[in-house]
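Please look through the structure below with its sequence at hand. The paragraphs after it go from the overall fold to a chain contact and then to a single residue.

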Amino acid sequence: MSFIYKDLLGLQYLDKKDLETILDSVKPFKTLFTRSVKKAPTLVGKTVVTLFYEPSTRTRTSFEIAAKRLSADVVNLSVNASSVVKGESLIDTGKTLAAMNADYIIIRHSMTGAPEILARALDVSIINAGDGFHEHPTQGLLDLYTIHEKKGRVEGLNVLLVGDILHSRVAKSNIWALTKMGANVAVAGPPTLIPSNIQKLGVKVFYNLDEAIKTADVINILRIQLERQQENLFPSVHEYVELYQLTKTRLAKAKSDVLLMHPGPMNRGIEISSDAADSSNAAINEQVTNGIAVRMAVLFLLKPNRSKNEN
Amino acid sequence: MSKILLDSAELNKAVKQMAKEIHKSVKDYKNLAIVGIHSNGVFIAKKILQELKTVTGFDIPFGTLDITLYRDDIDNLSSGEREIKDTEIPFDLEISKKNIILVDDVLYTGRTIRAALDFLMSFGRPQSIKLAVFVDRGGRELPIEPNFTGIKFHAGKKIKVECSQKDGEGRVVILD
């Protein structure tokens, strides 16, 4: 095992071995959840800051629980209350947090590359919790872990990502991780929501969901970002529902043991029907549980540059 | 260069002697449980378990601990040391008032045992915990002493128990 990173910026920058190291490290944290004491003193005395420039409840909460189960102290900064409003630059905010002796900063930002800017400027460990349309590495890792846990392998599986690939950082992190692990990745959605050069990442493109679904071992449904509907990327929600909603009827055309995932929050009745979301194929709640264990593993594996005078 | 201190047969003999001492001290096997610390403590613990089973016929509950998450030097762990093995405590230690024999291969600074005690306590409140170590190397940094010892080796040199979990063969070597 040789995982020596200060930061987790994206799965694009990791190789297959790194991904396997992370996968192998998750289980001890997950078994912790089954005990009456769900906590270990691993990061006692360390400070974890969540710095969210975009609203998020579930990712931030997941990171917070992960850090707390490792006994770290957690401080949550959200954009409304922070100094961004007062015009402070990203690097200055980061330096301020570093001066307060933060050990880990978990950042979500609407701009691609924001976590990397912080990572270069600071000794603090930076974890990307979503940047622009770029990556959401811990979501990619938890999807990878859930697939591996449920299917026993990743290599050779047909994984289908459905919906808004263009705006989805979850999709990008999934594609990087899954292709590196040897899965056959396909995407399906309206042409306006699929990047024109996506094949370069080794991905197959479908515009017809019913066609794409047949051979899939795993279907990962992405959230339709209704807030982007003003951009007129598809004619109407109704049409999207007709063509791309994952329904129980469509599910019947897939393999009987197909694994159904969704990163949440779900728009029931839009990208996924209620009966499909609640079907026995769905692992959506397990994804949430796995998310905490995966984030604990990441916090445990990363090494902040703690003191320069070591050794 | 490394020198062999105990070969496989000598190791087994010393473990047998340890098991005898443990057996003498046990008043009631009903509440006894054995817990080995990963990796080589589990190896020694399994041997002790086998000896006690043979002598008493009791099916003694057995658990394993990986203390990585409880270490006090987390900042300085090498990436290899970050590999975590399975922790399994498949018995209740509080309600059944377990008397636990905690087993490790080498006792040196005492820090591993400190971590193991904290970890064990997170599973509940056992009636008692006793410590059995195969090699006592001296060099303690914490006030922790074993109740049962296989061999004492205070020559200030690094010592290692090498073992194969598969065939149960083990030996003790001195590292220079």
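What follows is a short walk through chain A of this predicted model.

Start with the overall build. Chain A holds 11 helices and 9 strands. Along the principal axes, its C-alpha atoms fill a box of roughly 60 × 45 × 35 Å.

Next comes the side of chain A that touches chain B. Here 14 residues of chain A are in contact with 13 residues of chain B. On the chain A side, the elements that give two or more residues are α1 (16–32) and α11 (284–301). By class, that side has 9 nonpolar, 3 polar and 2 charged residues.

Finally, consider one residue within chain A. A:Gly132 sits in the loop between β4 (125–131) and α5 (137–151) of chain A. Is A:Gly132 buried, exposed or partly exposed? With 15 other C-beta atoms within 10 Å, A:Gly132 is partly exposed, because a residue needs 20 or more to be buried and 12 or fewer to be exposed. Leaving aside residues up to four places away in sequence, A:Gly132 touches A:Ser110, A:Met111 and A:Thr112. A:His167 is 35 residues from A:Gly132 along the chain, and the C-alpha atoms of the two are separated by 8.1 Å.

Technical notes:
Residues numbered from 1 in each chain as written. Chains lettered and ligands numbered in written order. Predicted model: local features only at pLDDT ≥ 70, side-chain atom pairs only at ≥ 80, totals over all residues. Helix = DSSP H or I, 4+ residues; strand = E, 2+ residues; numbered from the N terminus. Contact = placed C-beta atoms within 7 Å. Nonpolar A, V, L, I, M, F, W, Y, C, P; charged D, E, K, R; others polar.
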